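Take a look at the structure below. The paragraphs after it go from the whole chain to a few of its parts.

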Amino acid sequence: MTSDEELLEAALHGDEAAFTALYRRRQGPVFRFALHTSGDAAVSEDVTQEVFMALLENGGRFDPARGTLLSFLYGIARNLLLRRLAMKRPEDSDALPEDLAADDDVLDDLTRRETIEAVRSAVLSLPAPYREAVVLCDLENASYEDAAAALECPVGTVRSRLSRGRAMLGQKLAVKTARSIS
Amino acid sequence: MKESHLKVDPVLQALRALAENDREREAPPEVEARLLGAFQLRHARRVRRIQRMRTWAASATLAAGIAIALLLWPNRTPKPAVNATPPVVEVSEAARPAAEAGPAPKVVRAPRTLARKAAAASPPQAHEVVTDFFPLMNPAPSFGRGQMLRVQLPAAAMRTVGLPVREEHLGDLVQADVLVGEEGMPRAIRFVRFDVK
């Protein structure tokens with residue numbers, strides 16, 4: 001299979017088929033990353049389009065030594081999203097609701113549909129640094145290295161954000177579940 | 001922080017459920033269509049830019065070729081293109097290189113105040129004076145579109161189309177406009193001088 005880098009090289013030289021193949025291969029992860037980070041399908045659509053437009057304009061700047069093409073695309077999407085979200089809504093507090101103890105079984109009580117929507121909502125309520133790490137590593141299965149390249153931070157930082165993000169998510173889900181039960 | 005209360009495994013399960021649920025979600029087809037439109041437009045612009053650069057490079061090469069050809073062309077009988085009497089184009093002082101200009105002519109200076117007033121009243125402006133076009137192809141094919149290129153040539157080139165040039169000015173540089181046809185062939189030439197009024 002032709003690599004992303006080869007497709008990009010060909011696309012930048014005017015090969016439409018290569019651009020189409022690259023887009024079809026990578027638009028899904030970019031769209032979902034935008035969707036899980038913003039929670040807005042229209043924004044995600046715009047961001048996906050802008051990411052690939054930026055790739056056409058500035059694809060020559062991609063350096064394989066700094067990460068994969070997918071991490072480069074995530075990085076562009078992240079910058080676009082940060083710009084949009086900064087305008088749209090204030091950050092949630094990253095304080096944990098520590099006064100609420102989680103019941104071991106509460107997540108099990110949710111139906112599948114409710115769980116999914118509750119998780120989606122909880123992910124969206126995470127502060128951006130934790131949300132990005134959780135979305136990339138847990139939802140899109142990006143490697144720590146790819147996530148680090150996209151988020152422009154060391155791998156260790158990705159790990160710690162991920163760990164803290166999951167912990168916060170557990171608390172948020174527990175609270176949601178407790179509220180729905182009560 | 002109460003790490004013992006955090007339930008990582010159920011969280012991971014919940015995240016997996018969300019990932020699985022959204023696995024098929026992707027950008028709508030309109031995005032691909034818009035991007036392909038932008039790609040084609042951008043590529044077409046790039047191709048046009050390259051073609052334009054190639055045309056210019058070819059025209060510049062041709063202009064240089066004309067200059068050399070005109071220099072090497074043996075003198076022929078004066079044959080003006082349009083006018084019965086060939087227009088005389090003198091080599092302007094401005095176009096002549098400083099090293100070849102010879103001793104500077106003696107200038108009688110006007111009193112400073114008068115000169116300043118005169119300058120303020122009518123600032124000097126350079127006007128182009130051009131000859132008629134002289135055909136470079138015989139017989140000349142029909143002319144549809146083309147480009148005009150401004151080039152610098154030795155004054156000797158003027159003699160090749162029958163214009164008089166003094167012996168001592170043959171090596172001086174003069175400006176000329178070369179009309180290049182759509183097919184890239186030089187069609188006609190005219191010479192330019194600058195009059196300062």
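From the N terminus on, the elements of chain A run α-α-α-α-α-α-α-α-α. That comes to nine helices and zero strands. The model is a predicted one. Chain A has 182 residues, and 43% of them count as buried. Now consider the contacts in chain A with a separation of 6 or more. Residues 24 or more positions apart account for 70% of these.

Next, a pair of helices. Two packed helices are described by the angle between their axes and the distance between the axes. Helix H2 of chain A covers residues 16-38, and helix H7 of chain A covers residues 128-139. They pack at an angle of about 140°, and their axes are 10 Å apart. Angles over 145 degrees would count as roughly antiparallel. H2(A) and H7(A) are therefore oblique to each other. Their crossing is right-handed.

Which residues make the contact? H2(A) brings A:Arg32, A:Phe33, A:His36 and A:Thr37. H7(A) brings A:Arg131, A:Glu132, A:Val135, A:Leu136 and A:Leu139. By kind, the residues of this contact of H2(A) with H7(A) are four nonpolar, two polar and three charged. An α-helix has 3.6 residues a turn, so residues three or four places apart point the same way.

The buried ones are A:Asp146, A:Ala147, A:Ala148, A:Ala149, A:Ala150 and A:Leu151. Just after H8(A) comes A:Glu152, which takes a positive phi of about 55°.

Note on methods
Residues numbered from 1 in each chain as written. Chains lettered and ligands numbered in written order. Predicted model: local features only at pLDDT ≥ 70, side-chain atom pairs only at ≥ 80, totals over all residues. Axes fitted to C-alpha atoms, helices over the stretch in contact; angles between N-to-C directions. Helix = DSSP H or I, 4+ residues; strand = E, 2+ residues; numbered from the N terminus. Parallel < 35°, antiparallel > 145°, perpendicular 65-115°, else oblique. Left-handed = near helix turned anticlockwise from the far one by under 90°. Contact = placed C-beta atoms within 7 Å. Nonpolar A, V, L, I, M, F, W, Y, C, P; charged D, E, K, R; others polar. Buried ≥ 20, exposed ≤ 12 C-beta atoms within 10 Å, placed from the backbone.
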